[in-house]
Amino acid sequence: MDFDLILNELSLRNPAPNEQEAQQRMSELIKTIKAVKAQGVKVSLRTKEDFYTTILAPNYPLRRWLNDADQVERIFIKTLATKAPFSNDIVNSEIQDIENNASLSEFFHQGKIAIGLGIAYVLETIAISLLSEECWDCHRLEIEFISLDEDKEIVHELVKIFHVSRSTHVQEHANLIQKIQARIYQQVSNGVEIWNRREELFPNLKFCNAVRRQLEDIRTGQLELQPVLKKLFELQKCCENWNNGSFNTEGYPLEESGESQPTLDKYFKERTFLCPDGKERLFERHIKLRVCNWRIHFFPEQPGTVIIGYIGRHLPTVKYRT
């Protein structure tokens with residue numbers, strides 16, 4: 001399940017005066033989206049229209065910016081999941097009505113109709129703005145919500161929505177993002193669903209084929225389900241933030257350890273698994289699941305990618321043969 005960031009189309013109404021400032025605005029937007037992703041969620045950017053038609057400065061559409069951007073920023077934008085119109089794949093007729101100006105509810109910001117901000121309010125998610133005006137430099141926005149009550153009377157309310165335009169704003173919404181994650185946990189009912197949705201839930205993790213059977217044995221309501229989900233999500237978050245150097249789980253709620261040499265000498269075969277690329281690898285690093293005495297054995301392949309080789313009961317060691 002993606003975390004929806006809703007692009008505030010009002011922040012696009014004032015293009016930058018020159019290309020240099022347009023590039024600065026795009027860099028800040030990218031840093032902000034990355035800060036949301038760093039919370040361990042897969043981000044989709046919902047927009048009113050095709051994002052690539054955005055005019056960043058006079059005679060400087062986003063497609064031209066792609067030619068000027070450095071490789072990291074260019075690839076990031078090209079691989080960012082963008083959805084247009086706002087209602088794309090949302091099973092909620094109210095969102096489509098708001099988008100098409102056919103809803104009985106209307107949203108305004110400083111007198112301007114605000115479709116994206118209104119949809120962010122209805123979906124209880126975060127709106128994101130290009131930092132084009134001072135009014136967008138905040139982590140909360142107040143908008144006017146106009147609707148009809150049961151007596152067909154027009155009601156005016158001022159409501160606040162979650163909002164970001166700088167990477168520093170994201171930390172203010174860490175709890176909200178964690179609630180979205182919790183919602184994802186609740187929607188996964190068994191190990192079969194973990195396997196079937198693995199690319200959606202854990203885009204930075206690869207799973208050895210043997211893990212399929214191990215996951216499919218986890219039934220609805222089984223004790224191990226939530227601990228396995230939680231540790232996989234933390235590994236995903238850690239992997240997502242691994243850009244260079246060696247893979248390190250420090251700072252994450254993951255209890256990791258390796259194996260002793262005597263155990264590897266005797267039981268290395270039990271820790272060697274066939275990987276998706278057809279190679280066999282030794283998976284000695286593992287995460288401990290204390291509540292059920294299970295282990296998740298993993299192999300850091302390269303920055304941004306970790307392979308999961310085993311999920312299940314404690315493998316045998318020279319001390320414990322279970």
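The cover over the buried residues of helix 3 includes helix 1 (19-37) and helix 2 (62-68), as seen in this predicted model. Those buried residues of helix 3, which runs over residues 71-79, are Glu73, Phe76 and Ile77. Viewed down the axis of helix 3, its buried residues fall within an arc of 95 degrees, so they line one face of the helix. The face of helix 3 turned away from this buried side carries Gln71, Lys78 and Thr79, which are exposed. At the start of helix 3, the backbone nitrogen of valine 72 has a side-chain oxygen of aspartate 70 within 3.0 Å.

The table sets out the two groups of residues.

| Group in helix 3 | Residues |
|---|---|
| Buried residues | Glu73, Phe76, Ile77 |
| Exposed residues on the face turned away from the buried side | Gln71, Lys78, Thr79 |

Turning to the chain as a whole, its secondary structure comprises eleven helices and 17 strands, and its C-alpha trace spans about 70 × 50 × 30 Å along the principal axes. Of the 322 residues in the chain, 50% are buried, while the accessible surface of the chain comes to about 16,400 Å², with 46% of that surface belonging to carbon and sulfur atoms. Among contacts in the chain with a separation of 6 or more, 67% are made by residues 24 or more positions apart.

Terms used: Residues numbered from 1 in each chain as written. Predicted model: local features only at pLDDT ≥ 70, side-chain atom pairs only at ≥ 80, totals over all residues. Heavy atoms only, no water. Helix = DSSP H or I, 4+ residues; strand = E, 2+ residues; numbered from the N terminus. Buried < 20%, exposed > 50% of the residue type's maximum accessible area, 1.4 Å probe, protein only. Contact = heavy atoms within 4.5 Å. Areas by Shrake-Rupley, 256 points an atom, 1.4 Å probe, with all protein chains shown as cover. Arc of directions from axis to C-beta. Polar contact = N/O pair within 3.5 Å; in protein donor to acceptor, adjacent residues only side chain to side chain.
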